[in-house]
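Work through the exercises below with the sequence and the structure side by side. Try each task before reading its solution.

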Amino acid sequence: MFDKLFKGTAAAVTLGLLTAIPAHAVDLQFYFPVAVGGGAANTIETLTQDYMKDHPDVKIDPIYAGSYQDTITKVITASRGGNAPQIAVALSTDMFTLLDDGLILPFDNYVKTDADKAWLEGFYPAFMENSQVDGKTWGIPFQRSTPVLYWNKEAFKEAGLDPNTPPASWDEMVAMGKKLTKTDANGNVTQWGVRIPSSGFPYWLFQGLVIENGGKLANAEGTETYFDSPEVVSALQYLVDLSTKDKVMEPGILDWGTTPKDFFERRSAMVWTTTGNLTNMHDNAPFDFGVAMLPQNKQRGAPTGGGNFYLLKGSSDAQLAAAVDFIKWITAPAQSAVWTKATGYVAPRPATWETSAMQDYAKGFPQVLVARDQLQYAKAELSTHENQRVTQILNDALEAAITGQKTPQEALTQAQAKADQVLAAYR
Amino acid sequence: MLKREWIYGWLLILPALSLIFLFTHFPAAMTLINSVFSTPRGGKDAHFVGLANYERLIHDPVFWKVLVNNLWYALGTIPVSIALALLMALLVNRPFKGRALARMAFFTPTILPLIAVANIWLFFYTPGFGLIDQILGFFGFGQTNLLGTPSSALPAIMVVAIWKEAGFFMIFYLAALQSIPLQLAEAARIEGAGRWTIFRRITFPLLMPTTLFVSINAVINAFRLVDHIFILTGGGPGNASSLLLYYIYETSFRFWDTAYGATLTVVLLSLLCLLAVGQFFLFDRKVHYK
Amino acid sequence: MSRFDRYLWNGGAGLLALLWVLPLLFAVWTAFHPSAYEANFTLSAPITLENFVKAWNAAPFARYFLNTFLLVTGITGAQFVLCSLAAYGFARFRFPGRGILFSLVLLQLLVMPDILIVENYKIIRAFDAVDTLQGIALPYIASGFGVFLIRQTFMTVPRELDDAARIEGAGPLSILWRVYVPLAKPTYLAYGLVSVSYHWNNFLWPLIVTNSTETRPVTVGLSVFATTDSGVEWSVINAATLMTSAPLLIAFLLFQRQFVQSFMRAGIK
């Protein structure tokens with residue numbers, strides 16, 4: 001009797017409290033990285049403000065957490081310290097790491113209505129490859145990218161090439177590269193044909209070569225790698241030959257961060273880099289440039305890249321429901337268009353491309369469509385259990401081959417053996 | 001019986017000591033414990049593995065590589081930056097036009113945060129249009145790819161560290177130089193001593209305490225200063241420019257192999273403790289001789 | 001000194017100074033010119049303030065500067081107090097456990113909190129000090145280096161001064177304050193400079209423990225531009241760097257004589 005009365009009172013009091021303080025009933029923390037320059041952080045904050053205006057009962061605290069690497073470090077450190085945020089944007093390839101540590105929740109529990117299901121199915125399949133495993137969805141694509149080839153039309157014209165025709169195949173890229181490589185009187189090269197940067201995370205652009213060569217680096221479950229398969233080895237041989245045999249690319253490790261500048265300074269006539277650079281290229285290139293899909297060998301191909309939304313464990317159900325609602329809102333076409341225009345990332349849903357805002361944008365800047373069209377050939381970025389360690393093994397092997405310390409076959413055979421050791425525990 | 005002096009002594013050291021225990025000894029002990037356990041993964045808790053992590057360390061070629069790199073880094077940066085600091089201090093200790101500007105020039109590394117300066121050095125090292133290549137090109141020399149070549153990546157990193165440190169240490173030498181009485185050198189000169197003799201027999205010995213102070217800092221920094229590696233090379237190519245602390249960071253925060261990270265940390269900790277104790281005896285003796 | 005010698009020395013000083021100031025010169029060049037001139041040093045390049053506007057809009061640098069200032073002065077101040085007390089205890093008091101406790105302090109001489117980040121984060125979290133300036137400062141304020149350095153200086157203070165003050169009836173704290181601290185001024189200055197420079201540059205730990213604008217130091221703010229996914233924008237990074245470093249650079253240029261002399265006055269050891 002007392003018990004019932006007590007419960008009733010408690011419920012009434014709780015209800016009263018809830019209705020009495022409608023504002024900020026739910027607090028959310030949202031960690032995000034910035035990988036494309038200072039403006040992106042402001043766009044995220046503006047979008048969050050807009051959401052809170054429409055949803056006064058939710059308070060979101062967007063926390064800029066550094067680079068991708070800094071962000072994942074911060075997310076895992078905070079989660080292990082018992083202080084996890086509710087939402088985080090981190091690399092799509094960190095999925096297995098977060099899963100193995102038991103830090104994230106699947107989105108499936110919050111996808112109930114038909115409208116929800118339609119939302120989840122509305123993303124490009126190439127982006128979902130890195131976001132789903134074992135039939136569950138662990139990540140929602142947000143700031144996603146893919147590598148493309150940028151070429152300097154003026155340099156093409158000077159070399160007697162058609163400025164509107166980029167290389168379509170590996171052989172064409174070498175042939176054009178030879179025409180584009182210029183030396184001065186002292187024998188120093190003043191303009192290289194092509195640049196595929198190899199510092200920090202060489203595996204990413206290399207994966208483009210592997211897919212084009214008909215190979216793959218790992219299985220979808222993230223438990224097997226194929227580093228020493230013939231397709232992978234010959235892809236690396238092609239990359240190494242660009243500097244050593246064909247002499248169309250500068251030898252040694254080429255820095256990722258200085259690549260756009262290298263292009264602007266006319267040091268390289270063609271560069272491979274992310275679509276995340278489009279806005280930068282558009283604003284700063286002192287010449288007419290084109291954007292093309294990566295050249296094919298056996299087939300077209302490119303990896304995807306960039307960051308997903310994750311839902312972290314350790315919060316109340318109300319918080320998580322609000323978090324999912326926010327993620328749905330920010331990936332909806334109107335918001336997604338704002339984000340894509342501000343940053344140059346590839347909008348991850350076809351619906352975004354159909355908004356009038358995006359169509360106007362593409363009319364004025366048609367190069368943005370190349371990345372979208374390449375998505376049909378794109379594959380998931382290399383991602384395995386203990387992802388960063390396995391990719392580091394591959395990176396070390398690539399760097400060793402590029403700097404001539406090992407042959408491609410040697411480097412990759414050793415890398416495969418090391419990766420097998422690491423992944424054995426997950427098979 | 002408790003003496004009053006005991007209680008005073010204990011009370012005086014209590015605040016500092018409890019904080020040092022809390023933020024150094026306690027976490028260091030936890031690290032030591034973690035190093036004999038496995039890394040907890042996928043719901044599997046850590047379990048006792050004895051010395052397995054240390055066995056792995058002995059067979060880890062990357063560990064040996066970064067250890068050797070770090071020793072070269074220490075051997076290369078410590079003496080050079082101290083010698084340069086002393087030279088700079090001697091140069092700007094005399095009156096000449098533009099002395100204030102020269103002093104400020106040497107002081108810039110102290111003020112510009114390493115995270116920003118690393119980007120500037122990245123430009124200097126960039127092949128082709130980078131500053132070094134522009135200057136070499138002006139004189140008709142060929143091009144370099146200093147950061148992208150295994151043999152030159154570590155020296156390139158060391159140059160940045162020397163730039164950062166020498167300018168900072170210069171300040172201490174400059175202050176010490178100014179406190180040496182002019183009469184000493186004057187008297188020696190009257191007796192016919194040359195400049196080099198004066199420096200070797202008078203100035204340098206009087207600067208000994210400063211040298212020891214500076215060298216402690218230099219040793220600490222040789223194992224601590226890795227911020228610029230993140231931006232310049234990421235430890236590459238193929239770990240050619242990776243250092244112990246950078247490898248610890250990679251293992252613990254990128255590979256999330258906390259147990260192995262702890263094992264590496266224990267190695268670094270023991271190395272540092274050894275150096276600390278060694279330097280303490282050196283420092284203690286010299287200062288008391290004075 | 002012969003005239004030739006003087007030329008040689010001045011030339012050497014000039015050359016070395018030029019080498020050392022190059023990064024700063026480059027920063028000034030890029031910050032005031034459009035990004036197209038980052039690698040192109042032509043005198044006719046147009047001058048612009050746009051990079052500063054961009055940097056200013058990208059992060060609240062005034063607030064970050066204030067945070068760094070509070071952090072650095074707070075840490076250094078707290079270090080002075082705690083380390084002086086402990087140094088005095090170790091230098092002039094005999095008590096059981098002194099030797100072993102001092103060697104425990106010495107162990108921290110080189111063991112920097114930077115390598116114990118995960119464990120330290122747990123402790124700061126337990127104190128509920130995540131995302132506070134105290135949280136950034138706490139692991140650093142008791143410094144083995146500081147205790148060691150100040151103790152070395154205190155040990156050179158003549159006992160007679162100590163005794164004289166005691167006969168006048170001064171207590172330990174008052175003796176510390178009136179006798180020891182004034183005599184150790186140059187040590188404080190030297191140690192203060194090391195500490196300020198360390199925390200002015202510190203990046204990783206503040207990044208991990210802070211979550212909001214109100215607590216972040218300048219280095220974390222600068223890292224917004226340091227991420228290289230889309231290429232390095234030297235013009236904006238350098239504008240931001242200059243904005244945050246200019247006050248200190250100008251102050252040093254104006255006061256460098258006094259600065260060096262204050263070290264000198266009591267003779268740094």
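## Exercise 1: Chain B as a whole

Of the 290 residues of chain B, 50% count as buried. The model is a predicted one.

Task: Describe the make-up of chain B. How many helices and how many strands does chain B have?

Solution. 

Step 1. Count the elements: chain B has 13 helices and zero strands.

Step 2. Look at the extent. Along the principal axes, the C-alpha atoms of chain B fill a box of roughly 75 × 75 × 30 Å.

Step 3. Look at the contacts. Among those in chain B with a separation of 6 or more, 68% come from residues 24 or more positions apart.

## Exercise 2: Annotated regions of chain B

Task: Which residues of chain B does UniProt list under "transmembrane region"? Compare the record with the model for two of the stretches.

Solution. 

Step 1. Take the record. An unreviewed UniProt entry lists residues 7–28, 71–92, 104–124, 153–177, 198–223, 229–249 and 261–283 of chain B as "transmembrane region".

Step 2. Check residues 71–92 of chain B. This stretch is 100% helix and 0% strand, with its end C-alpha atoms 32 Å apart.

Step 3. Check residues 104–124 of chain B. Here the chain is 90% helix and 0% strand, and 21 Å separates the end C-alpha atoms.

## Exercise 3: A sheet in chain A

Task: In what order do the strands lie in the open sheet that holds β2 and β6 of chain A?

Solution. 

Step 1. Write the order. The five strands of this open sheet in chain A run β2-β1-β3-β13-β6, and the pairing is mixed. The edge strands are β2 and β6 (140–145) of chain A, each of which pairs on one side only. From one strand to the next the twist averages 20°.

Step 2. Strand β2 (residues 58–64) of chain A is mostly covered, with five of its seven residues buried. Seven bridges join β2(A) to strand β1 (residues 26–32) of chain A in the parallel sense. Within β2(A), Pro62(A) stands opposite Phe30(A).

Step 3. Move on to the next pair. β1(A) also pairs with strand β3 (residues 87–91) of chain A, in the parallel sense and over two bridges. Tyr31(A) has Ala88(A) in β3(A) as its bridge partner.

Step 4. Helix α3 (residues 68–80) of chain A lies across β1, β3 and β13 (305–311) of chain A, and runs at about 135° to β3(A).

## Exercise 4: A second sheet in chain A

Task: Where does β11 of chain A sit in its sheet, and which strands are at the edges?

Solution. 

Step 1. Write the order. This open sheet of five strands in chain A runs β8-β9-β10-β7-β11, again with mixed pairing. Its edge strands are β8 (182–183) and β11 (289–292) of chain A, and each pairs on one side only.

Step 2. Find the pairing of β11(A). Strand β7 (residues 147–152) of chain A and β11(A) run antiparallel and are joined by four bridges. Tyr150(A) stands opposite Val291(A) in β11(A), and Trp151(A) has Gly290(A) as its bridge partner.

Step 3. Sort the residues of β11(A) by face. Phe289(A) and Val291(A) form the covered face, while Gly290(A) and Ala292(A) form the uncovered one.

## Exercise 5: Two helices in chain C

Task: At what angle do helices α3 and α6 of chain C pack? List the residues that meet.

Solution. 

Step 1. Helix α3 (residues 61–92) and helix α6 (residues 133–141) of chain C pack at about 35°, and their axes are 10 Å apart. The crossing of α3(C) and α6(C) is right-handed.

Step 2. Name the residues. On the α3(C) side they include Asn67(C), Leu70(C), Gly74(C) and Gln79(C). On the α6(C) side they include Leu133(C), Ile136(C) and Tyr140(C).

Step 3. Class them. The contact of α3(C) with α6(C) has ten nonpolar, three polar and no charged residues.

## Exercise 6: Contacts between chains

Task: How many residues of chain B touch chain A, and how many touch chain C?

Solution. 

Step 1. Between chains A and B, the contact takes 25 residues from chain B and 30 from chain A. The chain B side holds nine nonpolar, 14 polar and two charged residues.

Step 2. Between chains B and C, 79 residues of chain B are in contact with 79 residues of chain C. The chain C side holds 59 nonpolar, 15 polar and five charged residues.

Terms used: Residues are numbered from 1 along each chain as its sequence is written. Chains are lettered from A and ligands numbered from 1 in the order in which they are written. This is a predicted model: local features need pLDDT of at least 70, side-chain atom pairs count only at pLDDT 80 or more; totals for chains, interfaces and linings use all residues. Two residues are in contact if their C-beta atoms, placed from the backbone, lie within 7 Å. Ala, Val, Leu, Ile, Met, Phe, Trp, Tyr, Cys and Pro count as nonpolar, Asp, Glu, Lys and Arg as charged, and the others, Gly among them, as polar. A residue is buried if 20 or more other C-beta atoms lie within 10 Å of its own, exposed if 12 or fewer, and partly exposed in between; C-beta atoms are placed from the backbone. Two strands pair if DSSP finds at least two bridges between them. UniProt positions are given in the numbering used here, feature names are shortened, and annotations may be inferred rather than shown by experiment. Axes are lines fitted to C-alpha atoms, for helices over the stretch in contact, and angles run from 0 to 180 degrees between N-to-C directions. A crossing is left-handed if the near helix is turned anticlockwise from the far one by less than a right angle, and right-handed if clockwise.
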